[in-house]
Amino acid sequence: MLDQAFTTLEYQELRALIRNGAQTPMGQSRVDAIAPLENIEELRKELSALAECVNLRRRGAKWTFSELADPSDNLALLRVEGATLEISGILDLKRLSEQAMSARASILAERDASPALWSLVETLPVDLSRLSARIANKILPNGEIDDRASPELARIRHEIGVLRSRITRTLEGVMRKSGEAIQDELVTIRNDRFVIPVKSDHRARVNGVAHGYSSSGATAFVEPLETIEANNELQALHEAEAREIWKILAGLTEELRAQLPALTSAAEAVAQLDFINAKAVFDEKFHCVIPEIGAGSAGILPASSTPVSFELVEARHPLLEENLRASGGAVVPVSFALDDEHDAMVISGANAGGKTVVLKTAGLLTLMALSGVSVPAKKAGVPFYRSVLADIGDHQSLAANLSTFTSHVGNISRMIEICAAPALVLLDEVGTGTDPEEGSALGVAVVDHFRKACGAHVMATTHYSGLKMYAGNEEGVLNASVEFDEKTLRPTYRLIVGVAGSSSGLEIARRFGIPSNVIDLALESVKDSTHQATEYLQRIKREAEEAEVLRQALDEERAAVAEKFASLDKEAEKTERARQEKFEKALANVIQEFEKRSRELVATIQDRSARLKVERESQRRVAELKREAQRATTVGGKRETISASATASARGVRVMRDGQVVQQGPSKDVSEINGGPEVVRYVSGATREIVVGDRVRLRSFGSIGIVDSVKDDEAEVRVKSLRLREKLENLELVELEAPAKSKTPKFASLAQPRSTEVNLKAVQENGRSEVNVIGQTTDEAVDAVDKFLDQASMAGLAQVRIIHGHGTGALRRAIADMLKDHPHVARFIAAPQDQGGSGATLVELRS
């Protein structure tokens, strides 16, 4: 019955289509033998290998085989001890080895993603490549033995060349002496001996042996007596050459014989790879999908098998598609599904509407999936059917005394006998060819038997109302129809699942030229009930089409809404990004202005140590501003913003949470280098002169200091340990207030041209957590540690380690002295033993 299904479903034509992609006789033979597999694990392996090949081809990793002959005869000859291969046979096996190893190299690079393909070539030894190289060194591509194939052959061929030259010179001398007796001054060869052409009527003038005459008899080919001995010697050398070539071929044959198992594996690998590649070429040509294979509802399979419904989505018949491509047409795809809840489908509709095509598409694609071939569809799931049975077409035969009905009945009878679950049963026009009432009843009974007794998935086509009613009333049976356009009176070939179709036989007959009076008479004869049923089916079809139109409209509206929300999300993301960029720019301006003011102040300080302290404090302020910006991004789950004041008189920062001020005050200044923060109140409208002992604020930088002396229009101001000279007009009297305790972050503020309020964004800072100064001088070490602490503070590190070693202790003492007054350092201690002991110092940095 499988052969009958192959014939009915045109499986042999499918093989020919796949065969076009095979490059070798071995691959073509495997395509010709392709058939459904009996083991589900083997089938899944075949499909896995095919999927890997398709993916490799998509990534550009391909292998090709060219000019490969079937190696079976040569491999069989190698199994015969003492037998020697001809040059052509050796070259065939050489090409086999080269191309097998080339394919192996292509798969090697993708072996992780292609385990099934890699398993085919993994065991091929590299000895095959070496053997191919040795053969190439001895046999030229044109099939001649290379002079260097052996030292003896090189010697013989050298002597042959020398002797040929000597013979040629001798014959040329004879021709010059003979003059008019020579037909053409041309040395030629007859019977493997060098001769000269002599005119027949002057034959006696040249002594020698005649080796033949021209077709006209006017020329005799004579071997002069002077060259007979040399020609004999040349023949002996040719015989020695032949013996040496035979030895070379025998040696190469023995080398090939030693690699017989590897060559057999290479032949098997090439055949299988070519077979898989042919299926992959078919996959690309018809835009196929790898089917999912699993157990059906009645499957008798291993426990590892997963139940899979029979589902095809936008499936196309490959043979029909190939034919339509040639004429510029396109196949109308079909979609349907059968599962445990719905195990049968009855397809009705107009004649020539595509019902049989649906059956053939389902049957052929099922056989393809079970044979390890991808199917032309967007999605495919096929149970591991044990039987695929089909009764399609008219098998009537006058010779066999079979009518349409009897041929169908006989075929269905054999199908019932051999049906083995799980099965797919395809019935075209079931019950046709006899009385419609009896045929309809038989059709219902046959479909019901295959469903219930055989546990099969059943697809049947019909024009009988009884079968349509059965599908409408029986649980588990689907109605389906092929669409017919009532306006154009032409089929659209679309399959509509869930709706039965009318046959529209009279309308089709009208389209094919039956006279209208005949059609009208037929319409009068149609029973009212039949006419009403037809109208009912047509109404259901229209309602189904309207529902489909509504569904499409809803899908379009849903897509439009989704697109609108997506655009809103993009707009919000764009706004957030712009706002973040605005903040980063504002923060950069704050830091830039702060650094500028710091440089201006440092430039006025002459004391080197004081200048270094101010520089360090400036760097610490920058690092602190960045850290506080990170912390302020999200505090307690609420977003904060920083607003930089744009007034020159109040250099403060406001931190806001949800629009409320949570911190406001003046910035830190250089007065905090050796002490805590001071909160000041500026004396507005002060009219008295500044005198010694007053607390003043330097307008140029915002620092608070005490006036030590006044001279003319300048004052000397002490800011902690620093002494600065400033004009009186740049000084402002201030009064101190008690500092307020607050856990809120403090920010350094700088004058800005305008007030800006932006969101903070956390910035990741990276830095080293230790420095090694062993081997450096004290000055070098102190300078290196100073720079390291600046970097660590700017990176936001909480603790660092300084490795200075034991030695004399000079480095440790110098570094300790420097750490005591360093603005970044909160405290420091000797490292514990497991971190270097007294050879290292742990430093805790100010936050």
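I checked the handedness first: α14 crosses α15 in a left-handed way, meaning that the near helix is turned anticlockwise from the far one by less than a right angle (clockwise would be right-handed). This is a predicted model, so local features need pLDDT of at least 70 and side-chain atom pairs pLDDT 80 or more, while totals for chains, interfaces and linings use all residues. Residues are numbered from 1 along each chain as its sequence is written, and side-chain values use heavy atoms, without hydrogens and water.

I noted the extents next: α14 covers residues 404–418 and α15 residues 436–452, both being DSSP runs (H or I, at least four residues, numbered from the N terminus). Their axes lie 12 Å apart at an angle of about 20 degrees; axes are lines fitted to C-alpha atoms over the stretch in contact, and angles run from 0 to 180 degrees between N-to-C directions. The pair is therefore roughly parallel (under 35 degrees; over 145 is roughly antiparallel, 65 to 115 roughly perpendicular, the rest oblique).

Which residues of α14 and α15 meet? I found Phe-405, Val-409, Ile-412, Met-415 and Ile-416 facing Leu-442, Val-446, His-449 and Phe-450, with contact meaning heavy atoms within 4.5 Å. By class, I have eight nonpolar, one polar and no charged residues there.

I then turned to α6 (residues 87–108) and α8 (residues 127–138), whose axes come within 9 Å and cross at roughly 140 degrees. That makes α6 oblique to α8, and this crossing is left-handed.

How values were computed:
Helices (H or I, at least four residues) and strands (E, at least two) are DSSP runs, numbered from the N terminus. Ala, Val, Leu, Ile, Met, Phe, Trp, Tyr, Cys and Pro count as nonpolar, Asp, Glu, Lys and Arg as charged, and the others, Gly among them, as polar.
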